[in-house]
Amino acid sequence: MSNLTVRVKERALKASGLAFTVGLVGLLVSISLLFVTGSQAFFQSYLTAYILPSGLAIGCLALLMIQHVSGGYWGYVVRRPCEAGARTLPFVAIMFLPLFLGLTDVYKFFPKEHEHNSPEAHLNVHSDNRLWAWSDPDLEIEDHEKIVLDAKKGYLSDNFFIIRTVGAFALWIGMGLGLSALARVEDSKGWSPSLKQSMQYISGPGIVVHALVILLISTDWSMSLQPIWYSTMYPVIFGFGQILSAMALNSIVFIYLRDGGEDLNDSRNRKILRDLGSFLLGFTVFWTYITFSQFLLIWSANLKEEVPYYLARSRGGWEYLTWALGLGHFLIPFLVLLFREAKRRADVLWKVAVFILVMRFADIYWQIRPAFDPGHWDIGLETVQDLASFTGLMGIWIGLFFREVSKYGLYPENDPRKDTEPVHTVADDVIIPNTAH
Amino acid sequence: MATKEVVKKEPDEESLFTGTYSFTTVTSKINDIVLGPTSKGWVFGFLASFMVLQALLMALTWLLYEGIGTWGVNVPVGWGFDIINFVWWIGIGHAGTLISAILLLFHQKWRTSINRFAEAMTLFAVACAGIYPLAHMGRPWFFYWLLPYPSTMQLWPQFRSPLIWDVFAVSTYLTVSLLFWYTGLIPDLSSMRDRAKNRWVRMIYGVLSLGWRGAATHWHRYETIYLLLAGLSTPLVLSVHTIVSFDFAVGNVPGWHATIFPPYFVAGAVFSGFAMVVTLAVPVRVIYGLKDFITDKHLDNMARVMLATGLMVFYGYGVEAFMAYYSGSPDEQGLFLKNRAFGPYGVFYWLLILCNGIIPQLLWFKFFRTNIPSLFAISIVINIGMWLERFVILMSLQRIPWQSSTWGQYSPTIWDITTYVGTFGLFFTLLFLFMRLVPMISAFEMKHMMPESHTHAPGTHAGDKH
């Protein structure tokens with residue numbers, strides 16, 4: 001029995017069509033708002049919106065490489081969606097193109113008067129012309145800031161930035177499409193030890209390459225928006241956030257594609273869901289661990305170069321988002337996922353996974369947006385612009401993703417893990433009634 | 001989907017258990033090491049370790065009599081060998097809980113034959129580590145001042161200091177590791193009781209096995225408590241070394257104040273812990289003829305964990321170097337270049353990169369993971385490298401505090417070195433006692449690994465519970 005049933009394919013294509021429609025509407029709203037809110041707000045929103053969908057694609061690639069190296073039944077489950085996510089990387093690269101304009105005086109295209117009279121504006125270096133302030137030659141900064149920026153001029157230069165981003169995409173696309181091509185060979189010619197070895201030869205070094213690329217990319221795309229600030233933990237937070245997002249997406253996709261056609265409540269699926277839920281629990285806790293460690297260390301040292309990052313996010317309205325993250329990105333999913341039954345029930349787990357993805361966006365919003373409005377969260381038309389851009393880019397990416405998902409079925413049929421079982425634990429013997437979904 | 005009748009094994013599973021054994025011969029093979037006669041080799045090893053332990057006692061006695069001045073620490077370098085060795089030993093103590101708890105939760109079957117050994121190693125390493133902060137207090141008999149108790153002198157610990165968090169983290173870690181280790185021992189202690197010929201030996205193991213009869217309810221409770229302890233231990237793997245890293249990172253000293261320290265210290269701890277397990281497991285499996293239980297596959301898997309955690313540590317060095325440049329701060333850049341990489345201790349930095357960064361890359365190749373002598377050599381190199389890491393982190397900074405008038409150098413005294421050497425005596429004395437007194441491999445868990453345990457449908461027997 002081929003598990004690529006017509007029903008599953010229809011479901012994936014239906015999701016794809018819906019997401020494309022929503023995405024296009026979002027993008028249209030965002031572009032029309034460009035004429036109202038100006039190009040500054042547009043580009044700031046675009047960058048903020050871009051990080052989550054791109055992170056999902058990159059996170060899928062990272063998970064794909066990890067499971068090729070680590071093995072385990074969960075890898076058999078997530079392989080197909082992760083390969084689909086990795087195949088969207090060329091489109092993700094195209095979606096980045098408008099952001100290169102952020103290195104030019106792009107704010108002047110559709111100028112709109114922005115008031116920067118917030119008493120907290122000094123918390124970050126601000127440019128009136130460009131998305132990345134360090135790129136602006138007419139930057140008005142104080143002497144001590146100029147010393148620091150001059151010291152890192154070799155790294156933070158326009159050309160080098162472009163080379164790094166293009167290079168990063170070239171590596172990601174190469175690894176993603178390479179692994180996907182090997183999966184096609186596996187589909188047509190069957191699994192072989194040498195094929196597995198080829199996948200591992202890409203994935204093992206690939207993880208190392210990916211970690212180094214993330215160090216540069218997290219610095220470029222996000223950290224350098226606050227060009228004075230630096231944190232050695234930040235690349236880990238940025239890269240791990242992508243993996244967490246991809247795992248949440250995988251849980252949603254697993255449940256959505258099978259819902260209504262397959263018994264999600266049978267013992268095998270319950271074990272798979274338990275494993276996905278455990279990953280989400282562990283990853284949520286690890287996210288909290290790295291995020292809180294960074295905060296604690298910067299708070300306690302209280303250094304002038306570092307602490308403005310948190311000052312900018314702890315006043316003027318941003319403090320509510322900060323608390324919301326603690327509650328929504330950690331406490332709520334943590335408490336829910338602690339319960340074994342919540343992990344095993346599809347109708348609970350998909351809601352938790354969607355909630356985690358929403359919180360991922362909240363986290364990214366929290367990381368990026370205050371760089372432009374430190375210590376001052378102005379909810380208004382610009383927020384609408386943010387949400388429209390996010391809906392646009394996310395919708396289009398989800399559309400692309402589900403179109404790719406629809407192509408090659410639910411499971412890699414020739415993967416030898418097909419004949420293994422998800423691990424059985426003591427807890428699986430405990431039968432709790434009333435688990436119908 | 002229908003549940004399959006036979007649980008098929010992962011392709012690699014066979015090689016976790018070699019040789020032909022029945023349930024009985026597995027038990028006797030492992031338990032006879034304890035119940036059999038004392039070998040000359042053991043007596044020699046034990047006495048040698050015990051002699052080295054005397055060096056520790058001598059050094060500590062002298063310390064208590066004369067004071068902390070016998071160590072090389074002084075202004076400006078207040079933290080010397082004591083902290084380096086504390087962190088080194090406690091790092092080694094991380095493999096046990098990782099193997100026991102995290103690998104259990106990840107259903108990694110290969111943990112089975114090495115878990116008890118690694119847990120024992122953890123306890124002994126934590127014991128060695130604990131000596132240093134206690135001794136550094138100068139008046140260790142006042143150690144209880146570190147605890148929040150209602151003192152009439154109104155002494156209260158400084159809760160903002162990670163050094164106080166260390167007290168709680170390390171003591172919790174020790175307690176839970178001990179419970180975990182002991183719980184895992186109970187079924188085997190009872191089989192020792194049943195097999196012992198000597199009445200006294202039988203009584204001692206009988207008391208220690210807490211009335212275990214192997215009833216179904218016993219097993220059910222055992223599996224539940226073991227899983228719960230594993231869950232409790234998991235955050236502890238992270239917490240102890242995270243707080244050790246906070247000891248350095250909460251301050252604002254360039255080079256110590258790096259936000260990546262917590263995960264990077266934890267990875268380093270696991271790295272060194274696995275290296276120590278390999279260093280110990282390689283000779284032990286030869287001497288006691290346990291190659292069928294601790295197979296080449298186990299060593300291969302441990303080598304893979306070493307490679308992965310080693311890469312994380314190396315990544316940490318890379319991020320530190322990159323951010324030192326990217327910070328644009330003359331202090332960070334100057335510290336890294338003039339002090340860490342090319343300063344008076346520069347040679348140690350490059351040795352560290354060699355030991356922890358370059359040489360472990362050999363583990364990418366199957367040859368070095370399966371060639372036991374080379375794996376053994378690499379594990380020792382890693383142990384040295386992780387010691388150098390702590391040395392480099394400690395030394396390259398303290399010697400140049402903010403005021404140049406107070407710059408100075410550090411060199412350990414003979415008593416620093418004696419104390420360090422002496423802790424090896426303590427570690428190996430305890431390890432020899434462990435190998436002689438309790439089964440060093442979990443016999444009942446080994447039986448779950450045997451083919452006979454895998455022929456039933458899932459959920460009907462204990463063999464599936466891993």
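Visitor: What does chain B average?
Guide: The average pLDDT for chain B is 84, and 90% of the residues score at least 70. Residues 1–11 of chain B are below 50, and this stretch has 18 contacts in the model beyond near neighbours in sequence. Residues 456–466 of chain B also have a pLDDT under 50, and for these the model has 30 contacts beyond four places in sequence.

Visitor: How should I read the coordinates where pLDDT is low?
Guide: Where pLDDT is low, the predicted coordinates should not be read in detail.

Visitor: OK, helices now. At what angle do α2 and α5 of chain A pack?
Guide: Helix α2 (residues 73–87) and helix α5 (residues 158–189) of chain A pack at an angle of about 135°, and their axes are 8 Å apart. The two helices, α2(A) and α5(A), are therefore oblique to each other, and α2(A) passes α5(A) in a left-handed crossing.

Visitor: Which residues make that contact?
Guide: From α2(A) the contact includes A:Arg79, A:Arg80 and A:Glu83, while from α5(A) it includes A:Arg184, A:Glu186 and A:Asp187. By class, this contact of α2(A) with α5(A) has seven charged residues, three nonpolar and two polar.

Visitor: How do α10 and α12 of chain A pack?
Guide: Helix α10 (residues 318–338) and helix α12 (residues 346–372) of chain A pack at about 155°, with their axes 10 Å apart. That angle makes α10(A) roughly antiparallel to α12(A), and the crossing of these helices is left-handed. The classes in the contact of α10(A) with α12(A) are 18 nonpolar, three polar and three charged residues.

Visitor: Over in chain B, what about α11 and α12?
Guide: In chain B, helix α11 (residues 330–341) and helix α12 (residues 346–358) pack at an angle of about 95°, with their axes 7 Å apart, and α11(B) and α12(B) are therefore roughly perpendicular to each other. The contact is made by B:Phe336, B:Arg340 and B:Ala341 of α11(B) together with B:Gly346, B:Tyr349 and B:Trp350 of α12(B).

Visitor: What does B:Leu123 touch?
Guide: Leaving aside residues up to four places away in sequence, B:Leu123 touches B:Leu174, B:Ser177, B:Leu178 and B:Trp181. B:Leu123 and B:Gly96 are 27 residues apart in sequence, and their C-alpha atoms are 8.3 Å apart in space.

Visitor: Last one: where is A:Ser192 found?
Guide: A:Ser192 is found in the loop between α5 and α6 (193–222) of chain A, and A:Ser192 is partly exposed, with a relative accessible area of 23%. The C-alpha atoms of A:Ser192 and A:Asp415 are separated by 9.3 Å, with these residues 223 apart along the chain.

Notes
Residues numbered from 1 in each chain as written. Chains lettered and ligands numbered in written order. Predicted model: local features only at pLDDT ≥ 70, side-chain atom pairs only at ≥ 80, totals over all residues. Heavy atoms only, no water. Axes fitted to C-alpha atoms, helices over the stretch in contact; angles between N-to-C directions. Helix = DSSP H or I, 4+ residues; strand = E, 2+ residues; numbered from the N terminus. Parallel < 35°, antiparallel > 145°, perpendicular 65-115°, else oblique. Left-handed = near helix turned anticlockwise from the far one by under 90°. Contact = heavy atoms within 4.5 Å. Nonpolar A, V, L, I, M, F, W, Y, C, P; charged D, E, K, R; others polar. pLDDT = per-residue confidence, 0-100. Buried < 20%, exposed > 50% of the residue type's maximum accessible area, 1.4 Å probe, protein only.
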